[in-house]
Number of protein chains: 2
Amino acid sequence: MGEVLILIGCPQIPVQSPLVLYIADFLQDAGHHPVVAANPSAKQLVKTSDPKSHYVSEYKDVEKAIGELADGTVQYPLIISLIHNDAGLTYTATTSAVAPKSLLISVLFGEHAYDLAEEIEYPTEKVVAPVTHNTRPLLIKLDEVLEWAVLKI
Amino acid sequence: MGEVLILIGCPQIPVQSPLVLYIADFLQDAGHHPVVAANPSAKQLVKTSDPKSHYVSEYKDVEKAIGELADGTVQYPLIISLIHNDAGLTYTATTSAVAPKSLLISVLFGEHAYDLAEEIEYPTEKVVAPVTHNTRPLLIKLDEVLEWAVLKI
């Protein structure tokens, strides 16, 4: 039982909000409390999808969340970062640097998923599928990694 | 108390799945049962967003739904169609033709929302906002029309 951070970036890709809710549901089923760190527009899109907060009840500003990790105010045993562009890589690399004890999963999607995955130099488990609106190839890989991760934390 | 059909098209635009869940939640609060008619990939995206079926518990294939309306097997007092391209306009126009007694709301979004809205020749209430991932401008207009519609049916 603990909090798990889901980090998300700009909401250009249709699969992102669905993935956030899917991961949050998985975590809740596993007895963990999901916290979504997002910029205002990405947060608004997830909230629109989940108006009754069945899946996500706690949101943080992404800069604030990284700041709290850096100053040690908050720790998360598991951080799941959704990445579909260079900005996503950058904040995930920063997160890795300030939270070296957290288990970090990088979920890479969108048309540049494989290229982005190759650029990663921080320690992380990767889930990669170049999808933009078909979640299926990503969900199969994600389930496997999430099942392993929740047993490990 | 009755079934309301939510018609959706291809899931290229990030706001679509969130809008479906938001509308479904609104309808449930108003005592109606939402039925989502979608193609397989659009359905999969909504299902990924709502793995426990808190918001949507019934899905239909979009062609099958239009077929049922055409042969009179099923009737809906209210049909809400989400449109972001010409294909969306086409199936909504067909729906209007086969279900002339239903109250039809056309929700137009994406960068061509206003152009698409001007092309509409079937009788419908329109909700138009040229948004792709910021739902806010659309939700304000949508709330107003949905409140009026659920009182009318």
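## Burial and Ser49(A)

A residue is called buried when its relative accessible area is under 20%. In this predicted model, Ser49(A) has a relative accessibility of 1% and therefore counts as buried. Ser49(A) belongs to helix 2 of chain A, which spans residues 40-49.

A polar atom of the Ser49(A) side chain lies 3.0 Å from the backbone oxygen of Leu45(A). Setting aside residues up to four places away in sequence, Ser49(A) touches residues of both chains: Ser17(A) and Leu21(A), together with Pro18(B), Leu21(B) and Tyr55(B).

In the interface, 27 residues of chain A are in contact with 27 residues of chain B. The two chains bury about 2300 Å² between them, and 59% of that area is on carbon and sulfur atoms. Three residues, Gln44(A), Tyr55(A) and His133(A), supply 24% of the area that chain A buries against chain B, more than any other three residues. Of the interface residues of chain A, 100% are also interface residues in chain B, so the copies meet through the same surface.

## Helix 3 of chain A

Helix 3 of chain A covers residues 62-70, and its buried residues are Val62(A), Ala65(A), Ile66(A), Glu68(A) and Leu69(A). Viewed down the helix axis, these buried residues fall within an arc of 160°, so they line one face of the helix. Their cover includes strand 1 (3-7), strand 2 (33-38), strand 3 (58-61), strand 4 (78-83) and helix 4 (86-98) of chain A.

At the start of helix 3, a side-chain oxygen of Asp61(A) comes to within 3.1 Å of the backbone nitrogen of Glu63(A). Just after the helix, Gly72(A) has a positive phi of about 80°.

## Nonpolar core

In soluble globular proteins, nonpolar side chains tend to be buried together. Here the largest nonpolar core contains 76 residues, and those with the most contacts inside it are Ile80(A), Leu82(A), Ile80(B) and Leu82(B).

Apart from neighbours within four places in sequence, the contacts of Leu82(A) include Ile6(A), Leu7(A), Ile8(A) and Gly9(A). Leu82(A) is also in contact with Gln16(A), Leu19(A), Val20(A), Ile23(A), Tyr91(A), Val107(A) and Phe109(A).

## Ser53 in both chains

Most residues other than glycine have a negative phi. Ser53(A) is not a glycine, yet its phi is positive, near 55°. Ser53(A) sits in the loop between helix 2 and strand 3 of chain A, and its relative accessibility of 35% makes it partly exposed.

In chain B, Ser53(B) also has a positive phi, of about 55°, without being a glycine. Ser53(B) is placed in the loop between helix 2 (40-49) and strand 3 (58-61) of chain B. At 35% relative accessibility, Ser53(B) counts as partly exposed.

## Thr94(B)

Thr94(B) is part of helix 4 of chain B, residues 86-98. With a relative accessible area of 36%, Thr94(B) is partly exposed. The side chain of Thr94(B) reaches the backbone oxygen of Thr90(B) at 2.9 Å. Thr94(B) and Tyr122(B) are 28 residues apart along the chain, and their C-alpha atoms are separated by 9.1 Å.

Conventions: Residues are numbered from 1 along each chain as its sequence is written. Chains are lettered from A and ligands numbered from 1 in the order in which they are written. This is a predicted model: local features need pLDDT of at least 70, side-chain atom pairs count only at pLDDT 80 or more; totals for chains, interfaces and linings use all residues. Side-chain values use heavy atoms; hydrogens and water are left out. Helices (H or I, at least four residues) and strands (E, at least two) are DSSP runs, numbered from the N terminus. Buried means under 20% relative accessible area, exposed over 50%, partly exposed in between (1.4 Å probe, protein chains only). A polar contact is a pair of N or O atoms within 3.5 Å; within protein, one must be able to donate a hydrogen and the other to accept it, and residues adjacent in sequence count only if both atoms are side-chain atoms. Contact means heavy atoms within 4.5 Å. The arc is that of the directions from the helix axis to the C-beta atoms. A nonpolar core is a set of buried Ala, Val, Leu, Ile, Met, Phe, Trp, Tyr and Cys residues joined through side-chain atoms within 4.5 Å. Buried area is the accessible area (1.4 Å probe) that two parts lose on being put together, summed over both.
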